[in-house]
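Please keep the sequence and the model at hand while reading.

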Amino acid sequence: MPSSKTERLLLSLFALATGGVVLLALAVAAAGSVGLIGGVDTAFTCAHWRAILSAPTLWLSLAYSAAIAVLSLLPSVALALLIVLAAGARLRRAPLDALLVLPLAFPGVVAALVAVQVLGGAGWLSRFAHAAGLVAGPEQFPALVHDRLGIGVVITHSLMVTPFFVLLIARLSILERLDDLAALGRSLGATSAQALWSIRVPVLLRGLSPVAAVYGAALLASFEVPLLIGAQHPAMIAVEIDRHLRPLDLATRGQGYAMACVYLLLLSTAWWWLSRRTAKF
Amino acid sequence: MKHWLAAAAIALSSACTRTPPPLTDSALAAMDWPQIEAAARGRTVTFVMWTGDPAINAYIANFLAPRLARQHDIRLRVVPGQADIANQVIAERDAGRSASSLDLLWINGETFFKLRQLQALHGPFTERLPNNRYVRWSDPTIARDFQQPVEGYEMPWGNVQLLLIADRERVSPLPDTPAALADWIHAHPGRFSFDSGFTGLSFLKSLMHAFAESPEALAGPFDEAAYLRLRDRVFDWLRAVRADLWRQGRNFPRDVAQLHQLFAAGEIDFTMSFNDGEVDNKIALGQFPASAEGYALSTGMLRNSHYLGIPAKSRERAAAMVVINELLSPEAQFEKLKPAVWGDGTVLDVERLPAPWPARFAEAAARSRVPSRAALAAIARPEPAPELMIRLEQDFRHAFVEN
């Protein structure tokens, strides 16, 4: 058992490595956003804040990122639930157990490149559609990558996320002894549907919520996939911040820092609000 | 406070920086070339370059680095990040660092403009290099970088021209005027695009030249009235063809690599390149179809140079000068001119080189899928001032990417 002194030290190091990094990033972004660092000249100015708060780009990007994150997350969780409930213990047998882990090894860059090969205008789906006589050429195939609706980004995210949730839900089912609980419910007169909707699903969702929230935040800040297969406009927030931090006109670079500030503050506020709700729950 | 913040921000990138004894500007200025070469021995030069082309990376790793090690005992350390040079220089400045972690920079127009704004380049140094005597300084596309006089603060490395690249199995005849290109686009909806990055904007600048009253319309410092007049003509042309562009002109490839990818996959019939030797190179590497062919609009296409610069705060300024001199040697320039190696145009006046170099350069310059450099030179147009690029990027984004 670690002593209380060691425990305090470890906790302090953890806080420094997590909260400290965020606070440092926020401080750097704040300094850059008012022109104190990062520009050609270093003089205090509010021009960058005025520019990003008055233009629709930041708000559109935030809303778009939230929509993509939710659209990527919800179907993934639903599909994972369906797979676990349908397959049950078979998921723990070869080769399904290995196949489930495989997509988790793919970095975002690789997943995005695979998405281009499969979903692109000259990709496999398009070629199948052409062979089947459905389209005359790539230009007639619907835009599934580099599209403003973010279809390719959502599909790629979902394929990357679903295996993770399958593994998580399968593990939760064992830890929460859901089979036993459902059997108990049925012995007390519950139907199979009632055991599913009143026992299994609520227990799983309660266990999943914190992880899903964290994964949602990670998807919100997704960079590689939307950069490689997303549209240029609207763009997800990390891509938009990156673009503003590398402007042709160095004088506008502070706008990127201001955007990063807004994003960090919003995310921190959401995290604080969610932690309070979770604590109450 | 701001120094502390910036120092923390770049702490990771600077953690491994060596600290050789500094060479003062006055000491460097007092050295003759053999002394500079002697001071360069045993040093490591950190070279920031674009690493997006395996052929160029191979040229640096397989030709240049061993040559530097063998002849000058210099170790070359390549780091990617050409697009971030100005940002990194700013971070180092804000951190109050007395020495830069970078020693050699691959730059051109816009980066040169930014670095000069930041007063971050060492110089003038070009006239101190022995191989400077062979540089084709009489060529305005070499002596001026985006209308900015070089003034000894960067050394030309390669000279290239913007070309359209078409798949000849699907495009015949080649549309060589804006009007003919518009007709082709209308007749082949969804098969033409350009990127919204450097190369695509260069295509738009070439169209500005095409719609200009004279080849000198964009010469000299940035002229707001001329810019607006020519921008509107180009945007009118774009609006007329927009519906028939790839993705109905509602989305554009982010950069030329994405444009190449669409072309190589057969999704579009055109791509473009700001290296007139790239077509032969990409065909040789199997990345473009053998039917790809490069050509220029008869109304003119941009020609520019890429350069090598040295950060003012580099501790390895002497070694960087030796590396640059080596990159200007006939051997190094000849090697990268070969289409199978890189296909990058030379900045040397080959006629002034000793035999047998003139004949060797003439032979290596032969290309099969692109007009000769002499033919392209006749319709070469100079880069406008860098401010035009900044304005065009903003206006194009507002008018076409975001609407």
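## Basis of the description

The model is predicted, so that local features need pLDDT of at least 70 and side-chain atom pairs count only at pLDDT 80 or more, whereas totals for chains, interfaces and linings use all residues. Residues are numbered from 1 along each chain as its sequence is written, chains are lettered from A and ligands numbered from 1 in the order in which they are written, and side-chain values use heavy atoms, with hydrogens and water left out.

## Chain A

Chain A has 12 helices and 0 strands, where helices (H or I, at least four residues) and strands (E, at least two) are DSSP runs numbered from the N terminus. The C-alpha atoms of this chain fill a box of roughly 75 × 70 × 30 Å along the principal axes. Of its 281 residues, 40% are buried; buried means under 20% relative accessible area, exposed means over 50%, and partly exposed lies in between, with a 1.4 Å probe and protein chains only. Among contacts (heavy atoms within 4.5 Å) in chain A with a separation of 6 or more, 69% are between residues 24 or more positions apart.

A:Ala235 counts as buried because its relative accessibility is 4%. Not counting residues up to four places away in sequence, A:Ala235 touches A:Ser61, A:Tyr64 and A:Glu240. The C-alpha atoms of A:Ala235 and A:Leu58 are 9.5 Å apart in space, although 177 residues separate the two in sequence.

## The interface between the chains

The contact draws 41 residues from chain A and 41 residues from chain B. Together the two chains bury about 3300 Å², 52% of it on carbon and sulfur atoms, buried area being the accessible area (1.4 Å probe) that two parts lose on being put together, summed over both. Between the chains there are 22 residue pairs in polar contact, both residues being at pLDDT 80 or more; a polar contact is a pair of N or O atoms within 3.5 Å, and within protein one must be able to donate a hydrogen and the other to accept it, while residues adjacent in sequence count only if both atoms are side-chain atoms.

On the side of chain B that touches chain A, the elements giving two or more residues are helix 1 (2-9), helix 6 (85-94), helix 7 (109-117), helix 12 (256-264) and helix 18 (386-401) of chain B. Helix 18 of chain B provides the largest share, 7 residues. By residue class, this side of chain B divides into 17 nonpolar, 10 polar and 14 charged residues; Ala, Val, Leu, Ile, Met, Phe, Trp, Tyr, Cys and Pro count as nonpolar, Asp, Glu, Lys and Arg as charged, and the others, Gly among them, as polar.

## Nonpolar cores

A nonpolar core is a set of buried Ala, Val, Leu, Ile, Met, Phe, Trp, Tyr and Cys residues joined through side-chain atoms within 4.5 Å. The largest core has 59 residues, of which B:Phe192, B:Phe194, B:Phe203, B:Leu204, B:Trp237, B:Leu238 and B:Phe396 touch the most other members. Helix 18 of chain B gives the most to this core, with 8 residues.

Leaving aside neighbours within four places in sequence, B:Phe396 is in contact with B:Phe194, B:Ser196, B:Leu201, B:Leu204, B:Phe235, B:Leu238, B:Phe252 and B:Val401. A second, separate core of 48 residues includes B:Leu64, B:Trp106, B:Leu129 and B:Ile324.

## Salt bridges

A salt bridge is a side-chain nitrogen of Lys or Arg within 4 Å of a carboxyl oxygen of Asp or Glu. A:Arg246 and B:Asp84 meet in a salt bridge at 2.8 Å, N to O, and A:Glu139 and B:Arg191 meet in another at 3.2 Å.

B:Arg191 also forms a salt bridge with B:Asp269, the closest N and O atoms being 2.7 Å apart. This pair links distant parts of the chain, 78 residues apart, with B:Arg191 in the loop between helix 9 and helix 10 and B:Asp269 in the loop between helix 12 and strand 8 (270-273) of chain B. B:Arg191 is buried, with a relative accessible area of 4%, as is B:Asp269 at 1%, while A:Glu139 counts as partly exposed at 36%. A:Glu139, B:Arg170, B:Arg191 and B:Asp269 are linked in a network of salt bridges.
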